[in-house]
Amino acid sequence: MNSYILAQEQKREVETSIKKAEIPAAALNILNEFWNDEKKADFYREFDGKSVSYEVKFIHNHHLLSMEFSKEGLLQDIEQLTEFDEIPEKQEILSNHIYMISTPNSK
């Protein structure tokens with residue numbers, strides 16, 4: 001019987017809530033293109049054991065958006081939380097998943 005093991009490097013981060021004033025100025029310049037002070041946002045400092053980064057989480061166009069910046073304020077990552085129902089290919093994804101589950105393993 002074939003067995004599949006998915007391995008992922010374990011992510012160990014310490015996320016600490018901070019104030020907007022603690023975010024690097026360069027990061028705020030980029031952030032201000034997507035967000036303004038009228039909207040609620042959560043600010044964090046992250047430490048992964050090696051480096052410090054900053055993350056801002058807020059609502060943008062009805063989605064939770066997360067922007068991560070280096071300690072110098074350079075944009076590193078943007079993540080958008082999307083509901084599964086909003087993904088156009090969701091039926092294909094479900095069909096493929098169901099097919100993989102229902103297909104018996106063969107040698």
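D42 has a relative accessibility of 30% and counts as partly exposed; the scale calls a residue buried under 20% relative accessible area, exposed over 50%, and partly exposed in between, with a 1.4 Å probe and protein chains only. The model is predicted: local features need pLDDT of at least 70, side-chain atom pairs count only at pLDDT 80 or more, and totals for chains, interfaces and linings use all residues. Residues are numbered from 1 along each chain as its sequence is written, and side-chain values use heavy atoms, with hydrogens and water left out.

The side chain of D42 meets that of K40 in a salt bridge, with 2.7 Å from N to O. The term stands for a side-chain nitrogen of Lys or Arg within 4 Å of a carboxyl oxygen of Asp or Glu. K40 is exposed, at a relative accessible area of 62%.

The protein chain has two helices and five strands. Helices (H or I, at least four residues) and strands (E, at least two) are DSSP runs, numbered from the N terminus. Along the sequence the elements follow the pattern β-α-β-β-β-β-α. The five strands make an open sheet with the order β1-β2-β3-β4-β5 and antiparallel pairing. The edges are β1 (14-18) and β5 (75-81); each has a single partner strand, so one side of each lacks a neighbour in the sheet. Neighbouring strands of this sheet are turned against each other by 25 degrees on average, direction ignored. For such angles, axes are lines fitted to C-alpha atoms (for helices, over the stretch in contact), and angles run from 0 to 180 degrees between N-to-C directions.

Strands count as paired if DSSP finds at least two bridges between them. Strand β2 (residues 41-47) and strand β3 (residues 52-60) run antiparallel and are joined by seven bridges.

Most residues other than glycine have a negative phi. N61, which lies in the loop between β3 and β4, has a positive phi of about 50 degrees although it is not a glycine. H62 lies in the loop between β3 and β4 too; H62 is not a glycine either, and its phi is positive at about 70 degrees. Relative accessibility is 56% for N61, which counts as exposed, and 80% for H62, which also counts as exposed.

Side chains of opposite charge can pair when their charged atoms come close. E15 and K57 form a salt bridge through their side chains, at 3.6 Å from N to O. This pair links distant parts of the chain, since E15 is in strand β1 and K57 in strand β3, 42 residues apart. E15 is partly exposed at 38% relative accessibility, and K57 is partly exposed at 24%. The salt bridge between E22 and R45 has its closest N and O atoms 3.1 Å apart. It too connects distant parts of the chain: E22 is in the loop between β1 and α1 (25-31), R45 is in strand β2, and 23 residues separate them. E22 is partly exposed, with a relative accessible area of 36%, as is R45 at 27% relative accessibility.

Which side chain does S53 join through a polar contact? The partner is E68, at 2.8 Å. Such a contact is a pair of N or O atoms within 3.5 Å; within protein, one must be able to donate a hydrogen and the other to accept it, and residues adjacent in sequence count only if both atoms are side-chain atoms. S53 sits in strand β3 and is buried, with a relative accessible area of 7%. Leaving aside residues up to four places away in sequence, S53 touches Y44, R45, E46, E68, F69 and Q76; contact means heavy atoms within 4.5 Å.

For the chain as a whole, buried residues make up 22% of the 107 residues. Of the contacts with a separation of 6 or more, 37% are between residues 24 or more positions apart.
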